[in-house]
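This briefing is meant to be read with the model open alongside, one topic at a time.

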Amino acid sequence: MTFLKLDRIEEQRGSISARAMFLRFFSLAALVLLAGCAIRSDQGLLTPVAEGDPAGKRVSVLVATTRLRGEDPHSLTNGRSHLVDFQRVDLSIPRSHQLGNVETPSQGRVDPRRDFAALRNESVSEKGFLALAGQAASRGNGEVNIYVHGFNTTYEAAVLRLGQIIVDAGTTGTAIAFSWPSRGRFVDYLTDRESALFSRDRLEYLLRILARDKKIRSINILSHSMGAFLTMETLRQAKLRGDGEFGGKLNAVVLAAPDIDLDVFRTQLEVIGRRKRPTILLVANDDRALNFARFLSGDVDRLGAVEIDSPEAQAEIRRLGLIVIDMTSVRSSDPDGHNKFSSNPAVIRYIGDLIDQKNVPAATLKINADGNIIASDSR
């Protein structure tokens, strides 16, 4: 597989045999049935508790969302809102927390001694949201970190995942989850993709109102899976509107396991251009979720599962000024290998170091099974 190959030659497959068609249909049907069995509700996971684990940790997450509100004031639906809503969630992380995990109850109520628990979960106005973001930024280094979740993710899962990343990586600055209306179901891949596109203008709006705040000096984006597609589409349209760097405040853009068609990614970069600040890709060619996305997309390669060792791939990485981190060898508690980025705190910390540097050269790096980072090419 050639990374960002410019001229794709379509293979002449001929007619597909009846047996092959049956096998493809059976495989897809099995995945759908398995996914249906695995569906569970995350409602209640962010209902505030009286007190958290006294020996645990506390983190605060701000939320900007294009999800519709429902009857439960502590949960958001998977419906699409034409407005951006804002939320503040304070989390208690149990002392028994294991790196890379988001501890939640398999059944029953949240137990703060064992599980992530919400201490506060309340709606805030846009003005209140900006005040909280500015205050948090001014107490730190003026940095804002935005997390854009991927496909098959509920509102609760997005907030809890960001809380886990904050705690495990020891990150500083303001943490914001941009939660678009994923249905949180494996079988709704195509609907989720449309909901991601629906949310482009609202993500751009969030970036613009943050960039106007004088207390905020830099904005970093960490996007995962289909969220990376949403992020790149947003940055592309922002560039076409005349300011793709948001007044010079857009800093690092991290695309973790990006679910983006390779050819689409190239056209996005043609508009965005080579950025002065880091654009970091986290890839793994054993990512089963992206291999399934490739199947659904007509066997078109996904950016997050590319092979990067070929001379052509290395030349393209240097030309585009990208930093590509190959996580194929990383061990992960995720059986699909799609959340490796969040299960290895050393990777998040290393990305933090890259973000703090200036004039970072294009590079290809690999992480071995022990979590050690090896530079394989940098120039």
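Which residue in strand 7 does isoleucine 219 stand opposite? In this predicted model, the residue that isoleucine 219 stands opposite is leucine 250 of strand 7. The chain crosses from strand 6 to strand 7 by way of helix 6 (residues 226–240), and this β-α-β crossover is right-handed.

**Strand 6 and its partners**
- Strand 6 (residues 218–224) is largely enclosed by the rest of the structure, because 7 of its 7 residues are buried.
- Ser218, Asn220, Leu222 and His224 point one way from strand 6, whereas Ile219, Ile221 and Ser223 point the other way, and all of them are buried.
- Strand 4 (residues 143–148) runs parallel to strand 6 and is joined to it by 6 bridges, with isoleucine 146 having isoleucine 221 in strand 6 as its bridge partner.
- Strand 7 (residues 250–256) also runs parallel to strand 6 and is joined to it by 5 bridges.

**Helix 4**
- Within helix 4 (residues 189–198), Tyr189, Asp192, Ser195, Ala196 and Phe198 are buried.
- The elements covering these buried residues include strand 1 (57–69), strand 2 (76–93), helix 5 (200–211), helix 6 and helix 8 (288–296).

**The second largest pocket**
- The second largest pocket has a volume of about 420 Å³, and of the 24 residues that line it, Asn145, Thr171, Ile348, Gly352 and Ile355 are the closest to its centre.
- Strand 4, helix 3 (155–169), strand 6 and helix 11 (345–356) are the elements that each give two or more residues to this lining, and helix 11 provides the largest share, 6 residues.
- By class, the lining of the second largest pocket comprises 13 nonpolar, 8 polar and 3 charged residues.

How values were computed. Residues numbered from 1 in each chain as written. Predicted model: local features only at pLDDT ≥ 70, side-chain atom pairs only at ≥ 80, totals over all residues. Heavy atoms only, no water. Buried < 20%, exposed > 50% of the residue type's maximum accessible area, 1.4 Å probe, protein only. Helix = DSSP H or I, 4+ residues; strand = E, 2+ residues; numbered from the N terminus. Pairing = 2+ DSSP bridges. Right-handed = clockwise from strand over helix to strand, strands pointing away. Contact = heavy atoms within 4.5 Å. 1 Å grid on protein atoms, 1.4 Å probe; cavity = no way out; pocket = protein on both sides within 12 Å on 5 of 7 lines; lining within 4 Å. Points joined across faces, edges and corners; volume = space filled by probe spheres on them. Nonpolar A, V, L, I, M, F, W, Y, C, P; charged D, E, K, R; others polar.
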